[in-house]
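Here are a few notes from my pass through this one. Have a look at the model alongside them.

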Amino acid sequence: MALCDSSVSLCEIKKKLHRVAQRITGLHRENNKISTNSFKMKRVQILLILIISFSSCSKVTPPKPFGPVPSERQLAWHDMEYYMFVHFTVNTFTDKEWGYGDEKEAVFNPSELDCRQWAKIAKEAGMRGIIITAKHHDGFCLWPTKYTDHSVKNSKWKDGKGDVLHELRKACDEYSLKMGVYLSPWDRNSAFYGKPEYITYYRNQLRELLTNYGDIFEVWFDGANGGDGYYGGAKEKRTIDRKTYYDWPNTHKIVRELQPMAVMFSDAGPDVRWVGNERGMGSLTNWCLLKRDEMYPGGDFAKILGEGHMDGNWWVPAEVDVSIRPGWFYHQKQDSLVRTPENLLELYYSSVGRNSNLLLNVPPDRKGLLNENDVKALMGFKDLLNKEFEKDLAKGKKVYVTSKRGKEYEGSMVNDGNPETYWTTNDYQTAGDIIIDLGTETEVNRIILQEYIKLGQRVQEFKVSAYINDKWKPLVDGTTIGHKVIRKFPVVKASKIKITISKSMACPVISNIELYRAPGE
Ligand code: FUL
């Protein structure tokens, strides 16, 4: 009942009690004049008044945010979930992964470059954006920058009049995709690299990218840094102090100023963190929280980057970057080594299914097109995804919960299809069961769980069980949830599925639960 609820303001309750008391006193005064029968009637009325009065107190306040919460730009990023990485530069033509920086601009000469093909495929594959290597470690720029001659303007492609970034912008707009840029901090071509002048050069290039190509959703700052290179002809090894050389805080300010909705990726954020490996493996325990001030790009933090910090003081969720081929750039000899649709589906489970976004690299070939093998794999994967999550069996089913906060936060909020509604408990409770009543015996083998992350990430432990032959059978358990977890379990035929939140940093706030019967066992 509403009165037991910690969230109803005491002041409101006091006011209501006062009003009820006034009524009772009024009735007592009258009692002297009325008969026993009508006195009984009055008592029933008082009772009714009390019930109505108290239950109308049930305008319950929502839980307060717990710990760091995502910014607006991070919330928009969480919803992106799956998007394309495009590695494309002189390496595509020299068959290298890391160009030395001495490549002739003329080598960049795609014969049929068509960013519309990339965007069309990305869209059909279910991706929501494309991030392009505007400049990789070799320093060659895919746009005609003012600040170096080492760019498309001195290539043979379109007689030096082309601009890949401009073409990609148009293609992304045509297919309603967001666009992001990778600008390698390490530049093996620039004579300035390692000197203070390079920072100015880097920032000037960043400004061009963030000013001339429309809205950018993500800026990618790679952690690979320093080593040997061409460096304007010096051909030597240059090392830099990873903590101090780039003066990152001042570079970050440029992004905030020019593209306030763009998230910045690097090993340690500030907005999105590397997951700590390039194998496509998100961590099962994955906090969106990070003590990012203790970290810097290029440092040795792989394990922490995977799990994040439960007690982190910044919201810095993980992004899984992985290539559809062994290399990041196109190499013809890898045409037969493209990941299979089944393998891509596994990547989806180990990234999006583990509270991370999936940035899948699909490198264009020397024609400037995505290779047919990669396209086939992407479409096959999309097909598998559609079958995997064809019909949400939980949607609209009756939901019972063991712990309640009040009317607006009932169990039915977890399967109403509205991401803005959620089930939660009283502030003092950090556990509870949610039971989805499937009505009839139903086959199930996948579950999706989502927290309402606008109020922070809370859940530390959960369990899923199925009601079979009058008993609860454990199916799968886990630790963190965050934006989304997707878990598989062997097919069960059950009439009810129970989700137990067994440990949470504060009252659990669950916005979505879905159940599926995916093909196979
Ligand atoms: C790494 C780079 O060294 C690779 O070439 C690639 O760009 C990958 C995404 O990041 O740090």
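This is a predicted model: local features need pLDDT of at least 70, side-chain atom pairs count only at pLDDT 80 or more; totals for chains, interfaces and linings use all residues.

1. If you want a spot to check, E218 has V263 in β7 as its bridge partner.

2. On the helices, α5 (residues 115–124) and α11 (residues 372–388) have axes that come within 9 Å and cross at roughly 25°. That is under 35 degrees, so α5 and α11 count as roughly parallel to each other. Q117, I121 and E124 of α5 make the contact with V375, L378, M379 and K382 of α11. By class, that gives 4 nonpolar, 1 polar and 2 charged residues.

3. Salt bridges: the whole structure has 24. One of them pairs E167 with K158, with the closest N and O atoms 2.5 Å apart. E167 counts as buried at 16% relative accessibility, while K158 is partly exposed at 46%.

4. Another one to look at is E443 with R517, at 2.8 Å between the closest N and O atoms. E443 sits in strand β15 (residues 432–451) and R517 in the segment after β19 (509–516), so this pair ties together parts 74 residues apart in sequence.

5. Finally, R325, D335 and D374 are linked in a salt-bridge network.

Methods. Residues are numbered from 1 along each chain as its sequence is written. Side-chain values use heavy atoms; hydrogens and water are left out. Two strands pair if DSSP finds at least two bridges between them. Helices (H or I, at least four residues) and strands (E, at least two) are DSSP runs, numbered from the N terminus. Axes are lines fitted to C-alpha atoms, for helices over the stretch in contact, and angles run from 0 to 180 degrees between N-to-C directions. Angles under 35 degrees count as roughly parallel, over 145 as roughly antiparallel, 65 to 115 as roughly perpendicular and the rest as oblique. Contact means heavy atoms within 4.5 Å. Ala, Val, Leu, Ile, Met, Phe, Trp, Tyr, Cys and Pro count as nonpolar, Asp, Glu, Lys and Arg as charged, and the others, Gly among them, as polar. A salt bridge is a side-chain nitrogen of Lys or Arg within 4 Å of a carboxyl oxygen of Asp or Glu. Buried means under 20% relative accessible area, exposed over 50%, partly exposed in between (1.4 Å probe, protein chains only).
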